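Here are a few exercises to work through with the model open beside you. Try each task yourself before reading its solution.

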Amino acid sequence: MSAQQFRLPDLGEGLTEAEIVSWLVAVGDVITLNQAIAEVETEKAVIELPSPFAGTVTALLAEAGSTVEVGSPLIAIETESGDVEEKVATLVGYGPSAAPASRRHRRGRAGAGSVTAPPSPPIAVPEALAEAVATPPPVRPLAKPPVRYMARVKGIDLTQVRGSGPDGLITREDVEQHAGGLAPPPPSGERTSNERETRVPIKGVRKHTAAAMVRSAFTAPHVTEFVTVDVTPTMELVEHLRVHQVFEGARLTPLAVITKALLLALGDNPSLNSSWDEEHQEIVTKHYVNLGIAVATERGLIVPNIKDAHAMTLRQLAAALGTLTATARDGTTTPADLSGGTITITNIGVFGVDGGTPILNPGEAAILCVGAVRRQPWEYRGEIALRQVMTLSLSFDHRLVDGAEGSRFLAAVAGMLADPTAMLALS
């Protein structure tokens with residue numbers, strides 16, 4: 001037998017730490033290679049962490065709710081002697097290397113024999129931590145990561161909640177119903193200094209968002225412009241297309257049409273889809289569009305992006321928006337979905353807000369803010385009529401985008417929403 005420690009791996013995108021949301025295994029469990037052992041929350045997403053070893057869990061070296069740095073030990077696993085190989089991280093877990101460490105040889109000069117590398121000494125595990133649990137582990141309640149997070153914030157033990165979903169899955173509504181009108185105690189990591197305030201540690205998505213926004217606000221010189229436009233024709237077009245057979249299975253929304261207008265407007269205004277490379281002192285213009293969509297979730301604001309949105313039809317954009325939003329709110333957005341964005345849309349209209357001055361997503365040149373659609377008096381064909389009106393606001397990095405180009409881009413988007421048939425000429 002050989003004792004192994006699994007340390008928190010580098011999860012990519014420069015992430016340096018993660019919070020242990022919950023353990024999926026217990027001391028004494030026999031686990032397999034790539035079995036999910038823990039849910040961890042990075043600065044970008046909640047993900048399941050696979051095990052690089054098969055064997056018996058002898059110790060959990062980090063508590064649920066704690067934040068650990070990359071390289072810190074998470075779990076101790078006892079493996080069968082001779083079965084431990086160097087593991088290579090893949091997109092879905094770990095696999096053995098082409099030349100396992102236990103069989104690797106170092107070759108000398110021509111004609112020399114091979115020498116087997118000595119095995120690494122086993123990692124010592126404190127006896128108190130390695131003691132196996134005699135009783136079987138409790139059955140883990142079924143719930144998605146955001147629901148577990150919600151329960152932890154409310155101080156609710158999910159084992160006491162009855163799930164109403166398929167196979168007893170616990171939903172947000174189940175947690176809310178269980179909470180009732182009771183005032184739960186502060187969850188782990190929070191502290192109440194008196195009855196009038198509660199203190200919550202800054203970590204996870206909130207910590208990442210705060211750092212990114214401060215970095216963006218004090219690095220890129222922001223300029224914000226506004227335009228108010230009659231979008232009645234766009235709203236009528238959306239209602240007409242929703243029942244069209246082409247959009248069967250994909251819910252068409254005004255945001256999808258706005259997205260298409262933005263993508264078409266970039267054709268004549270490429271600086272809006274560029275970035276500033278400080279290290280090499282270069283402006284990098286992207287010939288592809290990974291369109292970021294700001295989504296408010298229970299864990300905070302995240303900005304997943306639609307890869308290669310420039311190549312999509314309106315129907316494909318509508319379907320991609322639906323998938324992106326559902327995935328973000330379910331807490332299953334991957335780090336890959338959150339990286340590589342080139343320009344962003346934030347829709348504050350869903351909250352009934354007309355306009356704002358959004359901060360750029362770090363590394364991007366522009367962000368388009370979509371306000372609420374309101375029926376109000378508007379000049380139409382020489383008369384005053386009730387029309388559906390929207391305010392768009394565009395923030396851009398003045399190092400990359402001149403005021404004239406920013407204005408042309410915003411006017412182009414507004415023009416296509418005022419007359420969506422203009423999109424046909426550019427499609």
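Of the 427 residues in the protein, 43% are buried, where buried means under 20% relative accessible area, exposed over 50% and partly exposed in between (1.4 Å probe, protein chains only). This is a predicted model, in which local features need pLDDT of at least 70 and side-chain atom pairs count only at pLDDT 80 or more, while totals for chains, interfaces and linings use all residues. Residues are numbered from 1 along each chain as its sequence is written, and side-chain values use heavy atoms, with hydrogens and water left out.

**Exercise 1. Overview**

Task: state how many helices and strands the protein has, and what share of its contacts with a separation of 6 or more comes from residues 24 or more positions apart.

Solution. 
- Step 1: the protein has nine helices and 25 strands. Helices (H or I, at least four residues) and strands (E, at least two) are DSSP runs, numbered from the N terminus.
- Step 2: contact means heavy atoms within 4.5 Å. Among contacts with a separation of 6 or more, residues 24 or more positions apart account for 62%.

**Exercise 2. Helices H6 and H7**

Task: now do the analysis for the packing of H6 and H7.

Solution. 
- Step 1: H6 and H7 pack with their axes 9 Å apart, at an angle of about 120°, and are therefore oblique to each other.
- Step 2: H6 and H7 have a right-handed crossing.
- Step 3: H6 brings Leu255, Ala256, Val257, Thr259, Lys260 and Leu263 to the contact, and H7 brings Leu314, Leu317, Ala318 and Leu321. The residues of the contact of H6 with H7 divide into eight nonpolar, one polar and one charged.

**Exercise 3. Helix H5**

Task: list the buried residues of H5 and name elements that cover them.

Solution. 
- Step 1: in H5 (residues 232-242), the buried residues are Thr232, Thr234, Met235, Val238 and Leu241.
- Step 2: their cover includes strand E15 (222-230), H6, H7 (314-330), E25 and H8.

**Exercise 4. Asp397**

Task: is Asp397 buried or exposed, and what does its side chain contact?

Solution. 
- Step 1: Asp397 belongs to strand E25 (residues 383-397). With a relative accessibility of 2%, Asp397 counts as buried.
- Step 2: its side chain makes a polar contact with the side chain of Arg399 (2.7 Å). A polar contact is a pair of N or O atoms within 3.5 Å; within protein, one must be able to donate a hydrogen and the other to accept it, and residues adjacent in sequence count only if both atoms are side-chain atoms.
- Step 3: leaving aside neighbours within four places in sequence, Asp397 is in contact with Ala220, Pro221, Leu360 and Ala365.

**Exercise 5. Asn34 and Pro52**

Task: find where Asn34 lies and how far apart Pro52 and Asn34 are in space.

Solution. 
- Step 1: Asn34 is in the loop between E3 and strand E4 (36-41). Its phi is near 75°, a positive value in a residue other than glycine, and at 31% relative accessibility Asn34 is partly exposed.
- Step 2: Pro52 sits in the loop between E5 and strand E6 (55-60) and is buried, at 5% relative accessible area.
- Step 3: C-alpha to C-alpha, Pro52 and Asn34 are 5.9 Å apart in space, and 18 residues apart in sequence.

Technical notes:
Axes are lines fitted to C-alpha atoms, for helices over the stretch in contact, and angles run from 0 to 180 degrees between N-to-C directions. Angles under 35 degrees count as roughly parallel, over 145 as roughly antiparallel, 65 to 115 as roughly perpendicular and the rest as oblique. A crossing is left-handed if the near helix is turned anticlockwise from the far one by less than a right angle, and right-handed if clockwise. Ala, Val, Leu, Ile, Met, Phe, Trp, Tyr, Cys and Pro count as nonpolar, Asp, Glu, Lys and Arg as charged, and the others, Gly among them, as polar.
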